[in-house]
Amino acid sequence: MTPVDLGMPMVAPRGVGHLRGEQSFPDAARTALGNEQLRRNLGHATSAIRAKRLRVVAEVDDWEQLRRAGETIKAATMARLDEHLARLEQAVTARGGVVHWARDADEANRIVTALVRATGCDEVVKVKSMTTQEIGLNEALADAGIVAYETDLAELIVQLDNDQPSHILVPAIHRNRREIRDIFAEHMPGVPADLTDDPHALAEAARLHLRAKFLSARVAVSGANFAIADTGTLLVVESEGNGRMCLTLPETLITVMGIEKVVPSWRDLEVFLQLLPRSSTGERMNPYTSAWTGVTPGDGPQEFHLVLLDNGRTATLADEAGRSALHCIRCSACLNVCPVYERVGGHAYGSVYPGPIGAVLSPQLTGVEDNASLPYASSLCGACFDACPVRIDIPAMLVHLRARHVEEREKEHRLPSAEQVAMAAAAWTMADGRRFARAGRGARLARFARGRRLPPPLSGWTASRDLPDPPQHTFRDWWRDRDDQP
Amino acid sequence: MTSREAMLSAVRAARGDGDVPEIERAYARTGSHPPGSPEAVALLVDRLFDYRALVTSVQRADGIVGAVTDALGEASRVLVPVGLPEGWVTDGVVDDGFAPGDLDGMDAVVTACAVACATTGTIVLDASLDQGRRAITLVPDHHVCVVRASQVVDSVPEMMARLDPTRPLTFISGPSATSDIELQRVEGVHGPRRLHVVVVVEG
């Protein structure tokens, strides 16, 4: 416990973790678009999952009601988040767990490293966890001489290849079976020489590779999908059984959880356990979900630590127009339906949270200035909102963050770009029905201004494309006048 | 000020003092079929098949031992939890707190369950005496699970309402699987690769 200053909510610190890219989105996207194999792999995988998701969502008659419930449970939780966290702490402690509070990535990494050291172990097994990717835990452990073994198949592929995750659910989505086969053949000790690229054979190779590790592991590190404030219960939702192995067999379990993952009551899970599997892998239910509460004598780890992480979440909560990004349950449906994500892949976003949700979450966790190009990484088509199981209005939030970016630059007396000014103006105009109607009529008047080129500073946009003719009348005018038609 | 105090006061300031929005629970709390009904049981069987679990239906409890024996096939070392009902397994090894390596030497495990959800094909274990600690249904490669009709509910809300969250819970929907290679589902990774469910229709 170290003394700290009060003041503005802190954003995620620089120099640790994986929330910031080395390149801006447009530069990274340009590189990604040149990679034909990547685009083929992504197109193949995302179209398969889109079809599956639509099929299983259509089976649920009350899907829209469930989405509303998910949205309002999350909003109600955020409105009293501090109280739910205090209750969670109390319940976990009462059942034999130890709760730690980490303001940022550095503090969380220090806590986990010290906990592992205290066990005398120099290796841990890990359940796939976005949060520990976010804070760069594996690197911090490595610096302390502790080896972290990723056990999720896709995380294993990424780790063996010394690569970065490119998708929330399937971190190796950018690799096809042939590439995965080659990565295993090159980096996996003892892999059979005649390994094929049949997915069954690849899964079998991963099983053999990790089996001994699971059976002898003494310390595991996990994330959490949900935590129940009432009871202190933690949940991990998974498919392969690597999660069960890590949560059950070791003596010590360390769970790192973002503070936004808490929900008030057990009953709330009846909503999320319907929304999450159908939205993420397109299954009615994922193969395995584990729930545990503190320590149970004779069953599972006898030492349990829960690390509650802020790392920019409070800063996100402070923005009323942006806080619902914290409602995300990490299903990745918005990635799979996004035309931008499908073409550029996850790496271009520079953060462990790619795609539409990443474009609104990453800039809020780091401060908009550090991920300034992400709110522009979208065509605002709205597919992400329709797919989101908790109804996060990502398109509206993107426009809001673009405006925030412009405002912050103005405050620093730096000149915003023409596009940023335009977006701020659009946000102001679209926020009010009357303003929007006037703008539409104004555009119509522009028909009389001949020419296909915009004047500076907007000439960059028309350098490579023609300015379309504004319509003769706006939709609003047409709607108002339609009864007058014969 | 500790990190705990700093985080809690920062969260309090950030969330503001706005009203707590009302939670809309207009979704269905029960499914179309009553708990334990033949329709609910039939739906469960259908959904289990869909996820490539093996299923044997028996009419009454006296059919369990035969179905379990058939399901076990050639398995010679069969692990059972300490409270498995008498007569389900003829020659089982009772769990004695075996180390993970010893569990790995078992050919199969036989347990009961806490509840099953038909719509999603999900079976839940809650570590009661007839199910045992979590590790015994994880390490052996073959899990035979007996589900009685009275334990079958239609919907997820009904399933959750029957569970005690403070017990260690494992929700199982088919054998272990992965979608990590090109987002296509492949059965059989780290958990038991064979899940065989014995359903007791009048149980």
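These are my notebook entries on a predicted model with chains A and B.

**Ground rules.** I count residues from 1 along each chain as its sequence is written, and chains are lettered from A, with ligands numbered from 1, in the order in which they are written. Since the model is predicted, local features need pLDDT of at least 70 and side-chain atom pairs count only at pLDDT 80 or more, while totals for chains, interfaces and linings use all residues.

**Confidence.** I looked up pLDDT, the predictor's confidence in each residue, from 0 to 100. Chain B averages 96, and 100% of its residues score at least 70. For the complex I noted an ipTM of 0.97 and a pTM of 0.90.

**Chain A overall.** I found 22 helices and 10 strands in chain A. Both are DSSP runs numbered from the N terminus: helices are H or I with at least four residues, strands are E with at least two. Of the 486 residues in chain A, 52% are buried. Buried takes 20 or more other C-beta atoms within 10 Å of the residue's own, exposed 12 or fewer, and partly exposed lies in between, with C-beta atoms placed from the backbone. I also checked contacts, meaning C-beta atoms, placed from the backbone, within 7 Å. Among those in chain A between residues at least 6 apart in sequence, 76% join residues at least 24 apart.

**The sheet.** Next I traced an open sheet of 6 strands in chain A, paired in parallel, in the order β1-β10-β7-β4-β2-β3. Its edge strands are β1 (98-102) and β3 (147-150), each pairing on one side only. Two strands pair if DSSP finds at least two bridges between them. Between β1(A) and β10 (residues 303-309) of chain A I noted 5 bridges, with the strands running parallel. A:Trp101 has A:Leu308 in β10(A) as its bridge partner.

**One residue.** Is A:Gln90 buried or partly exposed? A:Gln90 is partly exposed, because 13 other C-beta atoms lie within 10 Å. I found A:Gln90 in helix α4 (residues 81-94) of chain A. From A:Gln90 to A:Asp230 I get 9.1 Å, C-alpha to C-alpha, though they are 140 residues apart in sequence.

**Where the chains meet.** The contact takes 82 residues from chain A and 62 residues from chain B. On the chain A side, helix α3 (residues 63-79) gives the most, with 10 residues. Strands cross over too: 4 bridges join β9 (residues 288-293) of chain A to β9 (residues 169-172) of chain B, and these run antiparallel. There, A:Tyr288 has B:Ile172 as its bridge partner.

Methods. Contact = placed C-beta atoms within 7 Å.
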